[in-house]
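Please examine the model shown below.

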Amino acid sequence: MRTLAATAILCVSLALGGAALWVALAKPAAPPVVVLNQPDQPPVAVGLDKYRATEAPKPMPDLSFLDGEGRRVDLSEFKDKLVLLNLWATWCAPCVKEMPALDRLQAQLGGPGFQVVALSVDRGGRDQVAPFYQKIGVKSLGLYLDPASASMQTLSLRGLPTTLLVDPEGRELGRIEGPVEWDSPEIVAFLRKHMGQYGGRGGSPARDSRGGVVRTGG
């Protein structure tokens, strides 16, 4: 009897252990990305204080991704513009919160001298990002996708959202980690100052047709 009882206990233990292992293996792994400035932290009024300039303009590494039509885009194609390169994802709450402000910033400054490139690292690509754009009413941002998240390593990112300021010669001027109130007067003045240094104008056209802007009816 003792042998049977011991055998039964061993079988139950093995079964429970196997079930736990199956659950652990079946559960999808969370993206290996740190979400910066979670919603339970104090809200960011502007965020310009988080801007960290490079000691000197630093050439950007080769970076390619997809646009809204599935075509390959190289960051170098935005040469001659001041570029605000924002890395984000739909599962990143701070990223989602700042997206409408980025859209308004593109509408306000976008043009020959300035471009917001909001690059999603969502694994679902267009099927995941396009409905999100439609849901929040994005009208001016292009759709740029990096479903493999290769840009995270290429740009040595520590988390999301992270935004890089890239000059018209393709060099990083600085970056901000965490969410920002992108269309605040302080940020707009900061960007206009940099645009002025390179002779940028901005303001027309505001919509980013290169990225396959998702029509939202507005």
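This is a predicted model: local features need pLDDT of at least 70, side-chain atom pairs count only at pLDDT 80 or more; totals for chains, interfaces and linings use all residues.

Ser 149 belongs to the loop between S7 and helix H4 (150–154). Its phi is near 60 degrees, which is a positive value in a residue other than glycine.

Asp 80 also has a positive phi, of about 80 degrees, although it is not a glycine. The loop that holds Asp 80 runs between strand S4 (72–74) and S5. With a relative accessible area of 59%, Asp 80 is exposed, since the class begins over 50%.

## The chain as a whole

The protein chain comes to 5 helices and 10 strands. It has 218 residues, of which 43% count as buried. Among the contacts in the chain with a separation of 6 or more, 78% are accounted for by residues 24 or more positions apart.

## Loop residues and a cis peptide bond

Trp 91 is placed in the loop between S5 and H2 and counts as partly exposed, at 33% relative accessibility. Its C-alpha atom is separated by 9.3 Å from that of Val 35, although the two residues are 56 residues apart along the chain.

Arg 123 lies in the loop between S6 and helix H3 (126–136). Its relative accessible area is 57%, so Arg 123 is exposed. The C-alpha atoms of Arg 123 and Ala 148 are separated by 6.5 Å, and these residues are 25 residues apart along the chain.

The loop between strand S8 (159–160) and S9 contains Pro 161. A cis peptide bond joins Leu 160 to Pro 161, with omega at about -5 degrees.

## Helix H3

The buried residues of H3 are Val 129, Ala 130, Phe 132 and Tyr 133. Seen down the axis of H3, these buried residues fall within an arc of 160 degrees, so they line one face of the helix. An α-helix has 3.6 residues a turn, so residues three or four places apart point the same way.

The face of H3 turned away from the buried side carries Asp 127 and Lys 135, which are exposed. The cover over the buried residues of H3 includes S5, H2, S6 and strand S7 (144–145). Just after H3, Gly 137 takes a positive phi of about 80 degrees.

## Helix H5

H5 has 13 residues and reaches 18 Å from its first C-alpha to its last, close to the 18 Å expected at 1.5 Å a residue. Its buried residues are Ile 187, Val 188, Phe 190, Leu 191, His 194 and Met 195. They lie on the same side of H5, because they cover an arc of only 160 degrees around the axis.

On the other side of H5, the exposed residues are Pro 185, Lys 193, Gly 196 and Gln 197. The elements covering the buried residues of H5 include strand S5 (82–88), helix H2 (93–109), strand S6 (114–120), S9 and S10. Just after H5, Gly 199 has a positive phi of about 75 degrees.

## Cavity and pocket

Rolling a probe the size of a water molecule over the atoms shows where empty space is left. In this model the count comes to 1 cavity of 30 Å³ or more, and the largest cavity holds about 70 Å³ of space. Strand S9 (162–166), strand S10 (171–177) and helix H5 (185–197) are the elements that give two or more residues to its lining. The residues lining the largest cavity include Tyr 51, Leu 84, Arg 175, Trp 182, Ile 187, Phe 190 and Leu 191. By class, this lining has 9 nonpolar, 2 polar and 1 charged residues.

The second largest pocket contains about 220 Å³ of space. Of the 18 residues that line this pocket, Met 60, Pro 61, Leu 75, Ser 76 and Gly 170 are the closest to its centre. The lining of the second largest pocket has 8 nonpolar, 3 polar and 7 charged residues.

Definitions and conventions: Residues are numbered from 1 along each chain as its sequence is written. Side-chain values use heavy atoms; hydrogens and water are left out. On a 1 Å grid over the protein atoms alone, a cavity is a set of points where a 1.4 Å probe fits but cannot get out, and a pocket is an open set with protein on both sides within 12 Å along at least five of seven lines; lining residues have an atom within 4 Å of a point. Grid points are joined across faces, edges and corners, and a volume is the space filled by probe spheres set on the points. Helices (H or I, at least four residues) and strands (E, at least two) are DSSP runs, numbered from the N terminus. Ala, Val, Leu, Ile, Met, Phe, Trp, Tyr, Cys and Pro count as nonpolar, Asp, Glu, Lys and Arg as charged, and the others, Gly among them, as polar. The expected span of a helix is 1.5 Å times one less than its number of residues. Buried means under 20% relative accessible area, exposed over 50%, partly exposed in between (1.4 Å probe, protein chains only). The arc is that of the directions from the helix axis to the C-beta atoms. Contact means heavy atoms within 4.5 Å.
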